[in-house]
Amino acid sequence: IRGYRAEVTEVELELMKLDCVKEAAVVGLDHPRGGKYVVAYIVPNGNPAPHRSYLRKILAQTLPDFMIPTSFVIRKTLPLTPNGKLDRLKLPSPPFASRNGSRQYMSPQNTLEQSVSKIVCDVLGLVHVDRNEHFFDLGGHSLLAFQVIGKIEGSCGVELSSEQFIKSPTVVGLSREILRSQRKTRLCNQTTLHAPQSMKSTLERIPPEKRGQV
């Protein structure tokens, strides 16, 4: 996966250490945009089921990025063979793998969200993206995230960090981070423009005979 050898059994073992997980199966699948990605199938130990962001956060403490599942599928049971072993061939494909244009979704609410949505769709090969859908639940991974970051920089003139992306991996969240970065950039530019005048005012208050000492 992404040039690395990934042992899915290691991911399963880490998931089974969690009290909220009753059963777990992890597989590597072909990604619609090329390459492979990791999918985890979870049978929760009671309700509510663990949230995907929580599982990612916990796994990130012990596993490298390329081994953290791109998608988590919550199941009531896992398919078994007649011998009682896990039947990996009968595990269903993640929802995003069969996504099409007929799915009802929450559309972008402004021009910026429309731009971000188009970028995410182009990178993931989707027809549309719900403004609140999680990038990684749609089949995204870190390399695709960097593609989105690069396209956002080219389109909006803002360079988002990977931390900002992971913190806000939705169309709404990324749009918010873009606006925050733009405001920060404008503030820095204003400070830079006003600095010389401020310095001049300070010098004017210093007696001429002492200015050479400053």
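Colleague: Let's start with Phe165: which residues does Phe165 touch, not counting residues up to four places away in sequence?

Modeller: A contact means heavy atoms within 4.5 Å. By that rule, and leaving out residues up to four places away in sequence, Phe165 touches Phe135, Phe136, Ala145, Val148, Ile149 and Leu174. Keep in mind that this is a predicted model: local features need pLDDT of at least 70, side-chain atom pairs count only at pLDDT 80 or more, and totals for chains, interfaces and linings use all residues. Residues are numbered from 1 along each chain as its sequence is written, and side-chain values use heavy atoms, with hydrogens and water left out.

Colleague: How should I read a nonpolar core, and which residues have the most contacts inside the largest one?

Modeller: In soluble globular proteins, nonpolar side chains tend to be buried together. A nonpolar core here is a set of buried Ala, Val, Leu, Ile, Met, Phe, Trp, Tyr and Cys residues joined through side-chain atoms within 4.5 Å. Buried means under 20% relative accessible area, exposed over 50%, and partly exposed in between (1.4 Å probe, protein chains only). The largest nonpolar core has 23 residues, and Phe135, Val148 and Phe165 have the most contacts inside it. H3, H4 and helix H6 (171-204) are the elements that give two or more residues to this core. H3 provides the largest share, seven residues. Apart from this core lies another, of 16 residues, among them Ile42, Phe66, Met67 and Ile68.

Colleague: How many helices and strands are in the chain?

Modeller: Helices (H or I, at least four residues) and strands (E, at least two) are DSSP runs, numbered from the N terminus. This chain has six helices and three strands. Along the sequence they follow the pattern α-β-β-α-β-α-α-α-α.

Colleague: What is the strand order in the sheet?

Modeller: Two strands pair if DSSP finds at least two bridges between them. Here the three strands form an open sheet in the order E1-E2-E3, with mixed pairing. Strand E1 (21-30) and strand E3 (71-74) stand at the edges with a single partner strand each, so one side of each has no neighbour in the sheet. E1 and strand E2 (residues 36-44) pair in the antiparallel sense over nine bridges, and Gly28 stands opposite Val38 in E2. E2 and E3 run parallel, joined by four bridges, with Val39 opposite Ser71 in E3.

Colleague: Where does helix H1 lie?

Modeller: For angles, axes are lines fitted to C-alpha atoms, for helices over the stretch in contact, and the angles run from 0 to 180 degrees between N-to-C directions. Helix H1 (residues 8-16) lies across E1, E2 and E3, running at about 155° to E1. Helix H2 (residues 52-59) also packs on the sheet, touching E1, E2 and E3, and its direction makes about 125° with that of E3.

Colleague: Is Glu12 buried or exposed?

Modeller: Glu12 is found in helix H1. Glu12 counts as buried because its relative accessibility is 13%. Leaving out residues up to four places away in sequence, Glu12 touches Ala24, Ala25, Val26 and Arg88.

Colleague: And where is Asp137 placed?

Modeller: Asp137 sits in the loop between helix H3 (111-124) and helix H4 (142-156). With a relative accessible area of 23%, Asp137 is partly exposed. Asp137 and Pro94 are 43 residues apart in sequence, and 8.8 Å apart in space, C-alpha to C-alpha.
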